[in-house]
Amino acid sequence: MRYSDLLEHFARLLLLAFLMMLAVNQAGSGAAGALTAASAPLVGASDLVYQGAFKLPHASIGGSSFDYGGTGLAFNPARDSLFIVGHDWGQQVAEVTVPTIRASHGWSDLPTAAVLQPFTDATEGRMRTVAADPGITVKVGGLLAYRGALYLSAYIYYDGDGRQSLSHFVSGQDLAVKGDVVGPYQVGKLGAGFVSGYFGLVPEEWQKALGGPVLNGQCCLSIISRTSYGPSAFAIDPSKLGTVTPLPAVPLVYYTGTHQLGQYGAQSALFNGSTEMGGVVFPKGRRSVLFFGKQGLGPSCYGEGTKDMALVGTGPPGDPYCYDPVYPSKGEHAFPYAPYVWAYDAADLAAVKSGQRQPWDVKPYAVWSLDLPFPGGPRILGAAYDPQTSRIFLSEAFGDGANPLIHVFGIAN
């Protein structure tokens with residue numbers, strides 16, 4: 001083990017000892033919960049147990065379809081259901097059931113979700129108000145069903161000057177009700193590029209240590225300088241949106257151009273120009289914050305993708321062809337790609353909140369590729385969590401033709 005690794009390991013042990021001592025000194029029933037949280041085990045790759053998958057309907061439903069969709073996945077505990085964004089062009093939201101998951105990995109055995117609410121513009125036409133130009137492309141970054149409300153974050157697809165500040169909306173969970181949308185609101189002070197994405201619930205025993213009941217973040221957008229160079233997470237209380245401006249966002253982890261998780265434009269197992277982040281999950285009874293997304297593991301290359309090895313490296317200076325049989329479009333390439341997990345120790349995030357560490361000093365304790373049994377794209381577009389059953393839902397792009405496929409994992413005891 002390297003000397004730097006030993007120092008980091010020792011620092012983590014000291015932090016855990018501090019958290020345990022703090023828990024012992026606390027009065028009331030919260031002390032036992034904090035002590036248990038500080039000593040809870042971390043999640044490893046073998047702890048994610050594949051339970052099965054289910055399909056989404058292949059049809060137009062309301063104003064959109066599931067084709068080319070799958071982002072913004074959110075679990076609704078009120079109905080044991082999922083909110084999800086449909087076709088990329090429409091950015092509309094629907095609600096679907098979670099069907100009974102069977103253990104078989106056979107494609108013919110996969111159940112199909114039923115639609116509870118058809119596709120609707122969950123912002124009632126307000127989404128583009130996060131931008132000064134009403135004609136600019138805006139997309140849903142994340143959804144959260146929380147305490148009877150539906151929260152939605154939105155980001156400008158190509159915010160060239162990095163000026164977006166407004167990003168969050170609030171509505172009721174009944175998408176048929178009109179006139180109940182409020183927003184957009186500003187969250188934090190770093191810019192919308194850091195918070196206009198995914199949401200995740202914080203277990204009750206960690207909320208004081210991290211500074212809030214909900215995690216919120218963003219990563220890896222076009223115009224990378226406006227967002228995080230790796231997974232980011234801020235603790236927020238979304239129920240205060242509209243009452244406090246901007247909504248306080250406690251930084252727990254994020255990365256900047258001078259403090260990157262991995263080198264943009266270089267081959268890396270942590271972060272590069274091909275990295276995408278789909279969602280975050282903090283499983284109860286564990287000490288792990290898990291980010292799900294896509295990582296390119298091969299040589300980094302910017303240019304047009306091609307399957308033709310004879311073309312690789314040719315082309316205009318500074319704009320060569322890159323070997324990439326998956327993504328032929330011009331951009332950042334790092335073939336091969338993998339559905340990916342970045343696992344962070346919640347104690348490290350608590351150290352940032354307490355001022356002992358900087359947000360960019362925190363690194364994942366482990367990263368790994370997900371082994372998904374069905375062929376599809378390597379992109380994980382969304383992640384959601386059911387704390388009652390410890391199920392993790394992941395939406396995989398093009399897992400069912402043009403439709404996303406929803407994978408379900410459990411946490412091993």
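This is a predicted model: local features need pLDDT of at least 70, side-chain atom pairs count only at pLDDT 80 or more; totals for chains, interfaces and linings use all residues.
**Entry 1: overall form.** I listed the secondary structure next, and the protein has four helices and 23 strands. I then looked up the extent of the C-alpha trace, which spans about 60 × 55 × 50 Å along the principal axes. For 413 residues, a compact globule would have a radius of gyration near 22 Å, and the protein agrees with this because its value is 21 Å.

**Entry 2: burial, contacts and surface.** I found that 53% of the 413 residues count as buried. I also looked at contacts between residues at least 6 apart in sequence, and 61% of these join residues at least 24 apart. The accessible surface comes to about 17,200 Å², and carbon and sulfur atoms account for 55% of this area.

**Entry 3: nonpolar cores.** I asked which residues have the most contacts inside the largest nonpolar core. They are Trp-206, Leu-210, Val-253, Val-289, Phe-291 and Tyr-344, in a core of 48 residues. I then noted a second, separate core of 22 residues, with Leu-48, Tyr-50, Leu-394 and Ile-411 among them.

**Entry 4: Gln-51.** I located Gln-51 in strand β1, which covers residues 48–54. I looked up its contacts, leaving aside residues up to four places away in sequence, and Gln-51 touches Ile-101, Arg-102, Ala-103, Arg-391, Val-408, Phe-409 and Gly-410. I followed one of these partners, Arg-391. Gln-51 and Arg-391 are 340 residues apart along the chain, yet their C-alpha atoms are separated by 8.8 Å.

**Entry 5: Ser-354.** I found Ser-354 in the loop between α4 (346–353) and β20 (366–369). Its relative accessible area is 43%, and therefore Ser-354 is partly exposed.

**Entry 6: cis peptide bonds.** Before the next search I reminded myself that most peptide bonds are trans. I noted a cis bond between Thr-245 and Pro-246, with omega about -10°. Pro-246 belongs to the loop between β12 (233–236) and β13 (250–253). I noted another cis bond between Phe-335 and Pro-336, where omega is about 5°. Pro-336 sits in the loop between β18 (330–333) and β19 (337–345).

**Entry 7: positive phi.** I kept in mind that most residues other than glycine have a negative phi. Gln-91 has a positive phi, near 55°, and I placed this residue in the loop between β3 (81–85) and β4 (93–97). Is Gln-91 buried or exposed? I read its relative accessibility as 6%, so Gln-91 counts as buried, the cut-off for buried being under 20%. Glu-124 is not a glycine either, and its phi is positive at about 55°. I found Glu-124 in the loop between β5 (115–120) and β6 (138–146). Glu-124 is partly exposed because its relative accessible area is 31%.

How values were computed:
Residues are numbered from 1 along each chain as its sequence is written. Side-chain values use heavy atoms; hydrogens and water are left out. Helices (H or I, at least four residues) and strands (E, at least two) are DSSP runs, numbered from the N terminus. The radius of gyration is taken over C-alpha atoms; the globule rule is 2.2 Å times the number of residues to the power 0.38. Buried means under 20% relative accessible area, exposed over 50%, partly exposed in between (1.4 Å probe, protein chains only). Contact means heavy atoms within 4.5 Å. Accessible areas come from the Shrake-Rupley method with a 1.4 Å probe; for residues, only the protein chains shown count as cover. A nonpolar core is a set of buried Ala, Val, Leu, Ile, Met, Phe, Trp, Tyr and Cys residues joined through side-chain atoms within 4.5 Å.
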